[in-house]
Amino acid sequence: MKDTIAADLEKMKIVLREYAMPMFSDEELEYFLENSSSYNEAVYTAALLKSENTTLQVSGVSTADSSAYFLRIAQMHKPNNTGILKGV
């Protein structure tokens, strides 16, 4: 189980670009993995959190907003709801 979490943790860091744009600690990413029903759900949750508007403007200089990028990552990993709906 620990090997799977370690492997998924490394994959999450790559998908979420944590090496280039860090936001989460290893403990936070492990929390998402342990408290999600799947790897995709963990990435989806983390990507949504990381998609906050990140534009920074100081003295007329602004940085690019990366929120759309992380929303696309979240969409790619959005869990499907394949449950059966019960009738009334």
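I looked up F24 and F32 and found both buried. I am working from a predicted model.

**Aromatic pairs**

A pair of aromatic rings is described by the distance of the centres and the angle of the planes. I counted ring centres within 6.5 Å as a pair. By that rule I get three aromatic pairs. For F24 and F32, the centres are 5.3 Å apart and the planes stand at 85°, so I log the pair as edge-to-face. Y69 with F70 is also an aromatic pair, edge-to-face, with 4.9 Å from centre to centre and 85° between the planes.

Y69 is partly exposed, at a relative accessible area of 29%. F70 is buried, at 1% relative accessibility.

Which residues form one aromatic cluster? I find F24, Y31 and F32 in it.

**Charges over rings**

I looked for charged ends over rings. The charged end of K11 sits over the ring of Y39, at 4.6 Å from the ring centre. The charged end of R17 sits over the ring of Y69, at 5.8 Å from the centre. I noted above that Y69 is partly exposed.

**R17**

Where does R17 lie? I place R17 in the loop between α1 and α2, the latter spanning 26–34. Its phi is positive, about 55°, although R17 is not a glycine. R17 is partly exposed, with 35% relative accessible area.

**Helix α4**

I turned to α4, residues 67–76. Which residues of α4 are buried? I list S67, F70, I73 and A74. Why do I put them on the same side of α4? They cover an arc of only 120° around the axis, so they share a side of the helix. An α-helix has 3.6 residues a turn, so residues three or four places apart point the same way.

Then I checked the other side of α4. There I find R72, Q75 and M76 exposed.

What covers the buried residues of α4? I find that the cover includes α1 (2–15) and α3 (39–50).

F70 ties two entries together. F70 is among the buried residues of α4, and F70 pairs edge-to-face with Y69. Y69 in turn has the charged end of R17 over its ring.

Technical notes. Residues numbered from 1 in each chain as written. Predicted model: local features only at pLDDT ≥ 70, side-chain atom pairs only at ≥ 80, totals over all residues. Heavy atoms only, no water. Phe/Tyr/Trp six-rings, centres within 6.5 Å; stacked < 30°, edge-to-face > 60°. Buried < 20%, exposed > 50% of the residue type's maximum accessible area, 1.4 Å probe, protein only. Lys NZ or Arg CZ within 6 Å of the ring centre and 35° of its normal. Helix = DSSP H or I, 4+ residues; strand = E, 2+ residues; numbered from the N terminus. Arc of directions from axis to C-beta. Contact = heavy atoms within 4.5 Å.
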